[in-house]
Amino acid sequence: MACDLKKNKEPMLEAFEDVRGDSDNDWVVFGYEKDNRTLKVNETGEDGYEEMMDELGETRAVYAVIKMKDPNSGLPKMLQINWLPDGLPAAIKAVVSRHVMDVERMLPGVHVRLNARYEDDVSEKALLAKISKASGANYGVHKEKKKDYGPIGKTGTNYIKTDATKEVDVKQRNAYMNKQQEEDAKRIRDEQKQKVAERVREDKERRERENQESAARNEVTERKAKVVQARKDQEAAESKQQEEEAKQRWREEQVVEAERMTEAEQNAEDDKRKRWEEERERISDTKSSTMSDADREGAWQEEKERRWEEERDNIRQQRADAVC
């Protein structure tokens, strides 16, 4: 929540200018209204540090500005105290801690700014120490005395020319360089061996991983093949069973048909035999005048065999048609 500096800006700036200017007021304290957002003038005074400290409570956040003399130079300095006491409720402290920069921008010309939580932080001694440290010079313009530095002599130097041949041992340097080169070469060899070993290890792990993946794929393929083969075997068994059942039904139908045809054939045979007997008697009567009994019997047998052949051929043809 942003700090509201507009509502009471004019009286606050007026009180601040009184402290900074030539008026008798040497301190001012700004505090919050009930909303902990709007800043206002709490109090101002002219009796210095002790009077201002009465306005710093233990449970409220305030911003105090006091004019104090620099112990080094004796000049007046403006000091701002951002008072956020330790006893301040955490919720309020979280809100008002973000207002410090806004207040500092509203108050130009302050020499020293101080964030304080405890009374020891704002003791008169501590405030004067802050001002003294910030002044940048430990002297007073009204107390400075002329100093006698004595006669100025000839300017000298501590420079000594360096002799590289005396300061550097060539053998020792060469030995050191050779040692460094050997160590570098050894380090390079070790790194190369390590890289080779790393590549070998990676290749081995890659091959093992590929073998595992291949074995897993083969296992899946075998399972699928077994399932397909089992399905084919089942379909073949079912097809064979259906074929056997169809053959069995065909056999039963053939038996029934054969029985039916046998009965019909028997009836037909009886009718034929009766006709043949009648035909035989007719032939006997017709040829009785010209043929002997033996000749008539032979003629009848030939006629009978011819007719039997015709009947057998007809029966075979009928059975073949029934099978088809």
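Which residue forms a salt bridge with D4? In this predicted model, where local features need pLDDT of at least 70, side-chain atom pairs count only at pLDDT 80 or more, and totals for chains, interfaces and linings use all residues, the partner turns out to be R37, with the closest N and O atoms 3.9 Å apart. Residues are numbered from 1 along each chain as its sequence is written, and side-chain values use heavy atoms, with hydrogens and water left out.

A salt bridge here is a side-chain nitrogen of Lys or Arg within 4 Å of a carboxyl oxygen of Asp or Glu, and by this rule the count comes to 15. The bridge from R37 to D4 ties together distant parts of the chain: R37 sits in the loop between β1 and β2 (39-45), D4 sits in the segment before α1, and 33 residues separate them. D4 is buried, at a relative accessible area of 18%, whereas R37, at 31%, is partly exposed. (Buried means under 20% relative accessible area, exposed over 50%, and partly exposed in between, with a 1.4 Å probe and protein chains only.)

K247 is partly exposed at 36%, and so is E243 at 43%. There is also a salt-bridge network made up of D184, R187 and E191.

Stepping back, the protein has eight helices and five strands. These are DSSP runs numbered from the N terminus: helices are H or I with at least four residues, strands are E with at least two. Buried residues make up 22% of the 324 residues.

Now for the inside. A nonpolar core is a set of buried Ala, Val, Leu, Ile, Met, Phe, Trp, Tyr and Cys residues joined through side-chain atoms within 4.5 Å. The largest one has 22 residues, and F30, L39, Y63 and L107 touch the most other members. At least two residues of this core come from each of α1 (9-20), β1, β3 and α4 (100-106), with α1 giving the most, four. Apart from this core lies another, of 19 residues, including M52 and W83.

M12, in helix α1, is buried at 0% relative accessibility. M12 and F30 are 18 residues apart in sequence, yet their C-alpha atoms are 7.6 Å apart in space. Beyond neighbours up to four places away in sequence, the contacts of M12 (heavy atoms within 4.5 Å) are L5, F30, L39, K40, V41 and M106.

The structure also holds one aromatic pair. The ring centres of Y32 and Y63 are 6.0 Å apart and their planes stand at 65 degrees, so the pair is edge-to-face. (Rings of Phe, Tyr and Trp, the last by its six-membered ring, pair if their centres lie within 6.5 Å; planes under 30 degrees apart count as stacked, over 60 as edge-to-face and the rest as tilted.) Y32 belongs to strand β1 (residues 27-32) and Y63 to strand β3 (residues 62-69), 31 residues apart. Both are buried: Y32 at 12% relative accessibility and Y63 at 1%.
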